[in-house]
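Let's take a walk through this structure together, from its charged contacts to its surface patches.

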Amino acid sequence: CGLLYKVDVYQGNLLDPDAVAQVQPGLTKRQVHSLLGSPSVEDPFHHSRWDYVSTISRRGAPTTVKNLTLTFDGDVLASVEGDYLEHDNLALYRHISKYGNLPKDKKKNR
Amino acid sequence: CGKNAKRDNVEEPAELLEFTPSVSVSKVWSQDLGKGERRLGIRQHPTIDGTQAYAADPKGKLYAFDAISGATAWSVDTKLRISSSPGVGEGTLVIGTLDGDVVAFNPDTGSERWRNRVTAEVVAAPVVARGIVVVRGIDGRVFAFSIIDGERRWVYDHGTPALTLRGSSAPILAEGLVLLGYDSGQVVALRGEDGVQLWEQAIAFGEGRTELERMVDIDGEMAYDAGQLYAAAFNAQVVGVSLEGGRPLWNREMSSYAGVALSDSKLFVTDRDGVLWALDRDNGAALWKQDGLGHRWLTTPAVQGTRVVVGDVEGYLHWFDIETGQPAARERLDGKPIRATPQVLGDTVLAVSTAGRLGAFRVH
Amino acid sequence: CGRWGKREDPLETLPVETLYAQAKASLEKGNLSRAQRVYQRLIARFPYGAYTEQAQVELAYVYYKSNRPEDATSAVNRFIRTYPAHAHIDYVHYLRGLINFDRQDGMVLRMARLDPTQREQVSLQQAFNDFNDLIQRFPQSRYAPDARARMMHLRNQMARHDLNVAVFYLERRAWVAAANRSQHLIEQYPQTIYTADALAVMSESYARLQQETLAGDARRVLELNFPDHPYLHGSWPAERSWWRKLTPFGSDKRSYYGDLRASS
Amino acid sequence: QSLPAQPFEPFTISDIRVDGLQRISAGTVFTYMPLERGDHVDQAAAARAIRALFRTGFFNDIRLERQADILVVTVQERPAINKITLVGNKDIKTEELNKNLKEIGLAEGETFDRLQLERVVQELTRAYNNRGKYNVAVQPSVTPLDRNRVDVQIDIKEGKAARIRHINIVGNETFEQDELRKGWESNTTNWKSWYKRDDQYSREKLSGDLEKLNSYYLDRGYVDFDVESTQVSISPDRRDMYLSANVHEGETYTISEVIVTGDTIIPHEEMERLVLVRPDTIFSRRLLEITSDAMTALLGNIGYAFANVTPVPEVDRENRKVKINFYVEPGKRVQVRQVRFVGNTRTGDEVMRRELRQFEGSWYSQSAIDRSKIRLNRLGFFSEVEIETPAVPGTDDQVDVVFKVTETTSGSFMVGLGYSQLAGLITSLSVSQNNFLGTGNRIGVAIQNNAYSKRYDVNYFDPYYTREGVSVGYNLTYYELDQSNFNIATYYADRGSARAIFGLPLSETDSVGLSFGIDYNTIRPVEGYTAQPIVDYIDALGQRTFHAWRTELSWARDSRNAYWNPTRGTYQRAAAELTLPGSTVEYYKFNYQFARYWPVHRALVLLTSAEIGYGDSYGDRVERVIYNEDGTVAREVVADGLPFFENFYAGGVRSIRGFEDNTLGPWATAELSNWRQPLGGALKTTGSFEAIFPTLFDTDKTRLSAFIDFGNVYRSANDFEFREFRGSAGVSLQWQAPVGPIVLNFSYPFMSDRDDRTERLQFSFGSQF
């Protein structure tokens, strides 16, 4: 029932729109990595393929899934398909901060 | 305090033996200065200028007495935490405080003349000569102020080791030089007018594993006469150096925190274990040693005619014959430790206890 | 303190052979604390000789048996440093592996059929490395076969731990976590009995992530190697029965396809 | 270690012989020596061999000689250590010293090396110096024994500790010394020194204090503040220490302008809203730190684990103004690859993982990790939860999250077997485990049996029956107890009950509870000795057994940050209990509990708590007239309100301390005895203020607190009388013993009635069922 508290589940990457815009075929793996960071899924059986997956399910609602799949030809990016979860950093911050933060531990940084 | 001394492996002060005094000494006057230095470890002694004696107390009182009769010329409550022994000279009386203040007074009336500051506690007595007042703080900095208005003339800086012995030795002004004994075991000579360092002579090197064993402070009083300077360092040695370039003349293995006193031909040193040494001032050879006062934490010795006098931790003053070192007389002030150097004026000796009692004794 | 009748402690005067015999007897009788004390005095009083070397090995064994892993490990390491060419050095390496292998929280866990792979994994990896060290240095040692078997068991344990976590995330719709954990299992612990289950989790996760190609390929690998895996024929993993969870002793040990294969 | 004196003509080794071996076997020498048969050996090779053998640490002396083509290695073994005895150490315990000695390699059974003694004297002297004992004398002595062994004895004379006699700050014009030295760890000898040892000098303490001095000024605008030099000196007899700090205050600065630069990820103005520093206010480093911490925390919550915000001051010295530029460097957005647990030797991985809010395969969130730490603490299974986030090797934007836990006992276990003429054979077993076999389920079993009373109690609770945390539990109880054992009225009550409990989480902190149960009560009064109102009540109802269908609905909010000794957060529980129509007596009971922990200071937590209970019957009043045998009216009796066996009680170790258990509130006497029998009441109002000192003991297991408890129980709502409140003040010591929680209270009841049954010293053991 709706009343029951279910924990939010976030998975995969949070991609930055301007960074994604710059990803064009022809870039090397290193260049893609510096733009988008590490892909959340690197399937063992598909070495030439990086999947930037992002899923979100708030309070048990059905999960929305988005896949941005980059396929490489050797070290060079061949194709970019699929899309990714647009998110507003400020809204995301407001939402996730409901967990609250512990005071910063003076002696050692956490 | 004896019984648990063994457990704390602190040597017990030696028992005082009976002897027939060779001279009679009597207390002529005494005066309470205030609370006294107690455990401040500043060895604050009265200073004699002419027949006038000036004394200060960490609670702020400053006195001027007639050394002979003990009559109080004036006394003033400066409300300052006076930590240095008074410095007197050229018509000015100067004191230094725990808060870094340097204050000059008119020695005849006790009225304040000028006031300035240094950057640390002042434990050594300020020195006045040739129109300047030289004051050193325990942070190793030496300041020179004009005697007239206290305006700063120059500053000299010399570092101090991480762990030092409490207290710092008073500067000596001689032949236009400012002579200083430092906590790092060096003797430094500065030019009086501008504080430029002329020479530096290390008389001790800190060896040993811990900082404690590496302490080689020259904290005790130094002595100067006829172109020669005598100084003693802790954990190291006592030396005689020449004023030209600080060339060492002689040295002798010794550990002294209290320092030296000079008579015409002899140099007197009290060492850490409570032995009073008489050395030949030209070559450092030991003439006699008096070890009857073992572990009684003796003060710097003071020469009085044909005798030499020291104070100890149980508040006794001891006179010894200058030639033989035999005990001549013994008097007790107020039972509290005497840590400040006894001051001599003719046959009168002024001594102050850590409880702030000033006593004058006369040798007949 | 009372001087009354303080007779000389026998351990201080007995010759080495008797001391060794007494220690060995206590060990066999299971009186570990007595054995330990006698061995310690023997080593201290007779710092060299055949008995001493043997005593040091058996002392390490006593520490291991009385569940004192730290002392056992330091005794073993000291022996290896002092007698690297000792005849029984392979046994000592083997013992070092055993110490970490059994470093669980006592009998209670095993007795209650609880899933040991739910507990801490650090000591298992250490045990694996120690046994591996043994079969590298002494391939012909007579402890090598048992060491290899224990290594296989350890790998299965570590694989099962990964599988537990992968299924945990799968059931909570954290599909990326589930996929990555099962990938970690396949890469880190190849040829364990849980590879099939890992493939199943991976395939299911990809399917949920709408990654048809990845899901399809994983499924094909599963079909090829483990055609009878329950995932291919219906709902998997099995839900724990509702009533079993009501009893305190409802074990938290889930049964996976790998367990069946292991027993068959 | 003498190298071969004569020139060593090189030759090829035909054989190697080792002389002088005792403990070490030839095999060992060959393993470590880099020379074998057939090697060509020259001066350099010989030297290398000797150095290699020395590194083993077994030998005092090694010599290589040549006899024809045989290489002869003559060694002299170092002795083995037989016994080590420490004499005269008081300040540092023997085991701690032995541990240090072991690290240096000085342990029974090890080889003895004279160099080690040197290091032992050095280490021990340094250890004692660090404790201010500068007069320590460490005297090692070695007695050789047969068979190349030695006994080592170390005599320690600790000597008196040097005490700090004088601390002086020079150059502080604006603030007084005592103000500046508040909160310093070093202090001059004072009455607390025997315990706090704050008059013992240590370099770390002083540097920490100087840092506080620095912050004190920098938080008040003194940008140029600087501790120019510090002097630490000691008296010649090493008994007194003197600390002096010479400071330069400089001028106060005000903020001229504040800007935020760098990549702020969220819109610029939003980040600027976090800035606490306003232009024209006094410069304060603390405000800068709080602002940059807030910004880092914000970024840390949405994936930027390595975010860094540096407040760059531009100081304009002339008109004493500072421009602050918060330069934001978010770093890379970080993914969490794996979440691992270390140290859980008993608790299951899933039992912990289900509490976490940070998932694997997801972006890093500091608040999710902080929340996870609090939830793990609230389980009560761990004495310590530490978190580390090591980077994944070979990546610059992936980390693992490792939770390091230390398990603790979370329950109690008591077994009792006894015999007394009165009660016959007494057996009692009570086990309660909050983390049964590491499954996270709570189980409790209690069996008590003796001639006068029986008690059987089983309860089980699974907090995660479903994945989302719906909890299910049940308990079965049967007891025959003489109520007077619990200071309640004198009557026997036999009670059997069965209850099922369900819990439904509504949010991170809120949950709803539901429970159904059936129980029956048989009351057996003791002729003439049971309090009259009870007898009347039973006579009015005309029966002794009461059965009830019991339902309870409760709501709870718990935001406390730990299970055993919380320092922050509130706990509230409101419950309504109802016996359904058809039960012998139809009544309802409300109960509201409230507790709030106020973190005043690291060393002080205030706890304000209150409890209100009220119950009444909703069935109809029953009146009855009792007749004597001869038909005359004996008495009129009425049964109304909350039945007496459901009354609230107050007083005792877990209620109002300083009064015997359950003795507060209305009481009555019986026909044949005027012993005051407490009856409890239908209205309970209690409360307490408690000051807790979490840092008094260094272990988290022990806690001391001072308290003021007050309140009382009343027969019914309109009997409430504020003046009837009882109150007591005192000190309470709680200790989380391995066998179970132990509570010890010393209290002084300052508001009490002449004939209240007070109890100055109270002791309770084991957790309440």
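This is a predicted model: local features need pLDDT of at least 70, side-chain atom pairs count only at pLDDT 80 or more; totals for chains, interfaces and linings use all residues.

Over all chains, a search of the whole structure finds 84 salt bridges. R94(A) is partly exposed at 47% relative accessible area, whereas E270(D) has 18% and counts as buried because the cut-off is under 20%.

Now stay in chain D. D199(D) forms a salt bridge with R163(D), again with closest N and O atoms 3.3 Å apart. The two residues are 36 residues apart, with D199(D) in the loop between α6 and α7 and R163(D) in strand β9. D199(D) is buried at 1% relative accessibility, while R163(D) is partly exposed at 27%. Next, E355(D) pairs with R375(D) at 3.0 Å between the closest N and O atoms, and both of these residues are buried.

On the surface, I518(D), W549(D), L578(D), L580(D) and Y618(D) form a nonpolar patch with about 420 Å² of accessible area together. I518(D) sits in strand β25. Over in chain B, K35(B), R38(B), K59(B) and K336(B) make up a positive patch, and K336(B) lies in the loop between β30 and β31.

Finally, look at S169(B), which is buried at 1% relative accessible area. Its side chain reaches the backbone oxygen of G181(B) at 3.2 Å.

Notes: Residues are numbered from 1 along each chain as its sequence is written. Chains are lettered from A and ligands numbered from 1 in the order in which they are written. Side-chain values use heavy atoms; hydrogens and water are left out. Patches are made of residues with over 30% relative accessible area and no salt bridge: like charges are joined within 9 Å, nonpolar side chains (Val, Leu, Ile, Met, Phe, Trp, Tyr) within 5 Å. Accessible areas come from the Shrake-Rupley method with a 1.4 Å probe; for residues, only the protein chains shown count as cover. A salt bridge is a side-chain nitrogen of Lys or Arg within 4 Å of a carboxyl oxygen of Asp or Glu. Lys and Arg count as positive and Asp and Glu as negative; His and the chain ends are not counted. The place of a charge is taken as NZ of Lys, CZ of Arg, CG of Asp or CD of Glu. Helices (H or I, at least four residues) and strands (E, at least two) are DSSP runs, numbered from the N terminus. Buried means under 20% relative accessible area, exposed over 50%, partly exposed in between (1.4 Å probe, protein chains only). A polar contact is a pair of N or O atoms within 3.5 Å; within protein, one must be able to donate a hydrogen and the other to accept it, and residues adjacent in sequence count only if both atoms are side-chain atoms.
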